[in-house]
Amino acid sequence: MNQPNPDTLFDFNDENDSWVNDSNITLDDISHEELRNAIKTLKNNKAPGIDNLPAELFKHGGDVIIEKLVEIVIIVWNSEKVPTEWTKGCIIK
């Protein structure tokens with residue numbers, strides 16, 4: 001927002017783009033450790049989303065929660081279809 005237009009645009013369809021080849025991005029399935037690290041970054045005492053699941057549930061859910069979340073994320077990643085519920089939000093005044 002309020003920034004000048006870039007000089008060049010990134011072509012997401014160009015697999016030979018040097019940026020893609022030089023980056024550490026992998027298309028492998030998410031690892032348990034990656035998800036565990038992402039969950040650690042969630043803030044406490046924030047309102048839960050539409051699913052009504054607070055961040056603390058994921059943080060303190062242990063290996064069982066991590067295992068199930070990894071399964072779900074891998075299914076979504078491989079299917080390339082984000083559940084419509086994940087695209088919705090609830091804003092409360």
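Me: What are the ground rules?
Reply: The model is predicted: local features need pLDDT of at least 70, side-chain atom pairs count only at pLDDT 80 or more, and totals for chains, interfaces and linings use all residues. Residues are numbered from 1 along each chain as its sequence is written, and side-chain values use heavy atoms, leaving out hydrogens and water.

Me: What is the volume of the largest pocket?
Reply: Rolling a probe the size of a water molecule over the atoms shows where empty space is left. A pocket is an open set of points on a 1 Å grid over the protein atoms alone, where a 1.4 Å probe fits, with protein on both sides within 12 Å along at least five of seven lines. Here the largest pocket has a volume of about 600 Å³.

Me: Which residues lie nearest its centre?
Reply: Lining residues have an atom within 4 Å of a point. The largest pocket has 21 of them, with D51, L53, F58, L69 and W86 nearest the centre. The lining divides into 15 nonpolar, 1 polar and 5 charged residues.

Me: How far is N37 from K59?
Reply: They are 22 residues apart in sequence and 10.0 Å apart in space, C-alpha to C-alpha.

Me: And W77?
Reply: W77 lies in helix α4. W77 counts as partly exposed, at 46% relative accessibility.

Definitions and conventions: Points joined across faces, edges and corners; volume = space filled by probe spheres on them. Nonpolar A, V, L, I, M, F, W, Y, C, P; charged D, E, K, R; others polar. Helix = DSSP H or I, 4+ residues; strand = E, 2+ residues; numbered from the N terminus. Buried < 20%, exposed > 50% of the residue type's maximum accessible area, 1.4 Å probe, protein only.
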